[in-house]
Amino acid sequence: MGRSMISLPLLSMIIFLPLLGALAILFSGEKRGDNARWVALWTSLVTFILSLILWGHYDPSQAGFQFIDSTPWISSLGLTYEVGVDGISLPFVLLTTLLVPLCLLASWTTIQDRTATYMIAFLILETFVLGSFTALDFVLFYIFFEGVLIPMFFIIGLWGGPNRVYAAFKLFLYTLLGSCLMLLAILYIYFEVGSSIPLALTTAFSPQVQPWLWLAFFASFAIKIPMWPFHTWLPDVHVEAPTGGSMILAGILLKMGGYGFLRFSLPLFPEASATFAPFIFALSVIAILYTSFVALAQTDLKKLIAYSSVAHMGFVTLGIFTADSAGLQGAMTQMVSHGMISAALFLCVGVLYERTHTRDIAAYGGLASRMPHFVTVFMVFILASLGLPGTSGFVGEFLVLLGTSQVSVYATVGAAFALVFGAAYALWLYQRVALGPMTSQNFRDLNGRELIAFAPLLLGVLLLGVYPTPLFTMVKSSLSHLLTATEKGGRHG
Amino acid sequence: MVETYLPDFLLILPEILLILTALLILGGGVIRQTPAPRHFGYMALGGLLLAFCALLICHKAGESWTSFEGQVLQNDFIYFGKIIIFVSAAAVLILSLTPLLHDQLLSFEYAALILFATSGMLLMLSANDFLNLFVALEIQGLSLYILAALNRDSGLSAEAALKYFILGAVATAFYLYGTSLLYGFAGSTHFEVLARSIHMDVAVLPLGLCIGLLFIISAFAFKMSAAPFHMWTPDVYEGCPTAIVAFIANAPKGVAALVLLRLLMDPFLILYPLWSPLFLGLAVLSMVWGTLAALSQTNIKRFLAYSTIAQMGYVCLGLATGVREGLQGVLVYVSLYLVMMIGVFGSLLCLRNKKAETFDSLAGFGSLHPCLAFFLALLMFSLAGIPPFAGFFAKFYIFKAAIAEGFVSIAVLGMVTSVVAAFYYLRIIKIMYFKSSDDLAPEFYGQTVVASSGMGIVLILCAGVLLFFCLFPDPFLLMVQRASLVFTGF
């Protein structure tokens, strides 16, 4: 439980503050959006500060949920509004509240058309994302999880590239299909258990039902995270999304899949998770190898980073289903780290795109002489992306491989082998963009706003790389709790 | 004498008041040579309000009472249904006055016919006898057929009305034939007598009973426009003036579903094994056919017709469960669906452009009229069943009951069709927001919005109701629960 000195519903405030900000912008009725930007930025900053306070009061030695806010909501259905954080959700809450202001900064000048609407969409998105990371009720989780699609649909469809409508539909329908199957599983559990609160779930599902329920949840999360072969929506959507949309998509929305695996698949269906683990390993290793190859062949900056995201998420799924403490910790670290790295890389692309209006890699070259600051920042993130020791990328991938080596030698070798390709496409990208002959005189170096947007990410990536202990403490007891629950369930079956 | 008959009349006081107002309007319309049609609309509204008050005053909560020798019935379920009818009829009436006036279609007949149709629907719910139900059905049906032909100068409208009338007559014939078979079986058309005479313990069910039930279900499936009895819906929706479609698509659909629910849960509950598969079939056909056909539509009203068919599929799925949860699901679904349809048609009625009936005419609507477009967009998400909007909870209820009854494969199918359905609901949003009005053909320019303050209030109320339902659904769900307690056969 949260410390008693906090009597305010801190978590609910964090979740709904962005929504309030959105309503404020909506009812101010301002068309041009100069104030909307500031209102949105301040709202998201205050949200971030509140979540830091939440972290400060969080007791990492306890495994259970803290800061629980609970109100009956639909009593005839037994649904409650209940939110809380534990070590698994807190890092994502922090990541979300950190990234949203940065996304808004990244969109500061690029979004000139219907600015107020954009800010509203982003703030509503933040509420939904935070809600889905903290919901303790199945149906509430589903509502937030699915609600995320609505602002995202508008962000891509209204401010995206030329093929934006296609991308928006693909994102929406692809994800909706997965979610609907999950809804069926949720309804089944609801019917079986008679309550929809995962906290209260101690029911062991019979071995006949478990695989089906597991698959239904898998459909939703595998599409969200995304795993090969369900990843095809991601590159299309990234290419069309505006910079802020790409950042939040790669930084946060993909993590919702990983979070779902950790929160639902593993503890609720331990036997099915164990049964399907080799299948997940195979898909993950294929994802890592295949998308690394595909990334090598890309000529579009955003597509390349999108494919690299799929590879990195492969490490996450690998780590989660090892059901090993190092693997799980690695998966968590990898998700947080990738959240910052991918957001930063998409921000890099956004910075370049703003100047040249092309994402074609061939159009760039020799930036090092024109944009020294940018190139330095870009290098750090590229190195972090390929997992250089000293950056957060290394910690995550190393722990995942460590965990995997306990379980499957083939998967470890495959994934480790793929690291080489990861280094290859990342370094080659850097070489093509930053080095070589200069292609244009038109490159201004980073301005103050962009530097401010990069700074927290840079700091985070390096800090997590050399001193990951705060994150480890945060997640440790919750993960070990999860692990014992999983093992107990596995033995029980 | 008065004392003995008074309670009888109290039960149907709302209907009596409505018919009296309608007659007054008819008389007034004939006598006055320079009519101000708007005033007849207001009179009709006043009549509805008066009758609604009568309903509220005369109802005794938790009690079930009959009158006229058990010919009509009143209980919590019927009360619930009647409230829905009143709300829907009044809302559509307010929404329709200005648009009809603009199209010069508003006449005193319109106001009177709306009242006749409403009283017919109220009687349909109250009826406790198949012949009574028939009379009520016809009062409602005939008023609707005439309303459909309101635009006398339009060939399309006349064609639609004729189609509606002929197919409706066939459905009525089905109904009557079914009733006669049931009479042959039970020797009475009274619901209670019928319920007493149906036993499942006989080895073979009497064929007359089964076929009679089948015919009656078909007739109501026609009224609900569930596939394969949906053929008339797209043509009628497309041909009739939008204001009339708004009425036809609203309360009559809900009433058909509720009366069917009442028949199934009360006299015919014992035949559950017989009708449940039938409704599963109707559900599958409606969901699949409605969804697939809606994909390729370019006319908004035709599209709404097919989307209605698909939505009725979910209602049929709820009916097929034959349990209290399913019943509650149907009540929630129908009421929310009607509110959403009021919103959708209300938004469409605000558009004043002759070409406003194709999807393309909505292009750029998002920047043209942000408020209305935003409202319509939210309604589309809601109709698609995307949380956190009200439509999601409606679907949630139905699917919950379906899964509890073990109809998992049908529920999966329903989920898949709802994803496909999301595609076409999103298409409307896409056209409103992602397509600028620069892409428009010249004839679509000048999409203007004309709305009376009454229309604005109705739309705001509609949005308010939907929002309130998402946040505090309990008061409404309590009403649904009370209505469902009427049926005790489970």
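In chain B, the axes of helix 5 (residues 108-126) and helix 12 (residues 251-265) come within 9 Å and cross at roughly 10°. The two helices of chain B are therefore roughly parallel to each other, a term for angles under 35 degrees. The model is predicted: local features need pLDDT of at least 70, side-chain atom pairs count only at pLDDT 80 or more, and totals for chains, interfaces and linings use all residues. Residues are numbered from 1 along each chain as its sequence is written, while chains are lettered from A in the order in which they are written.

**Helix pair in chain B**
- Helix 5 of chain B contributes B:M121, B:M124 and B:L125 to the contact, and helix 12 of chain B contributes B:A251, B:P252, B:V255, B:L258 and B:V259.
- Residues are in contact if their C-beta atoms, placed from the backbone, lie within 7 Å.
- The residues of this contact are 8 nonpolar, no polar and no charged.

**Chain A**
- Chain A has 19 helices and 2 strands, which are DSSP runs (helices H or I, at least four residues; strands E, at least two) numbered from the N terminus.
- The C-alpha trace of chain A spans about 65 × 55 × 40 Å along its principal axes.

**Where chain A touches chain B**
- In chain A, 24 residues are in contact with 24 residues of chain B.
- Helix 5 (138-147), helix 6 (149-159) and helix 7 (164-193) of chain A each give two or more residues to this side.
- Helix 7 of chain A gives the most, with 14 residues.

Key
Axes fitted to C-alpha atoms, helices over the stretch in contact; angles between N-to-C directions. Parallel < 35°, antiparallel > 145°, perpendicular 65-115°, else oblique. Contact = placed C-beta atoms within 7 Å. Nonpolar A, V, L, I, M, F, W, Y, C, P; charged D, E, K, R; others polar.
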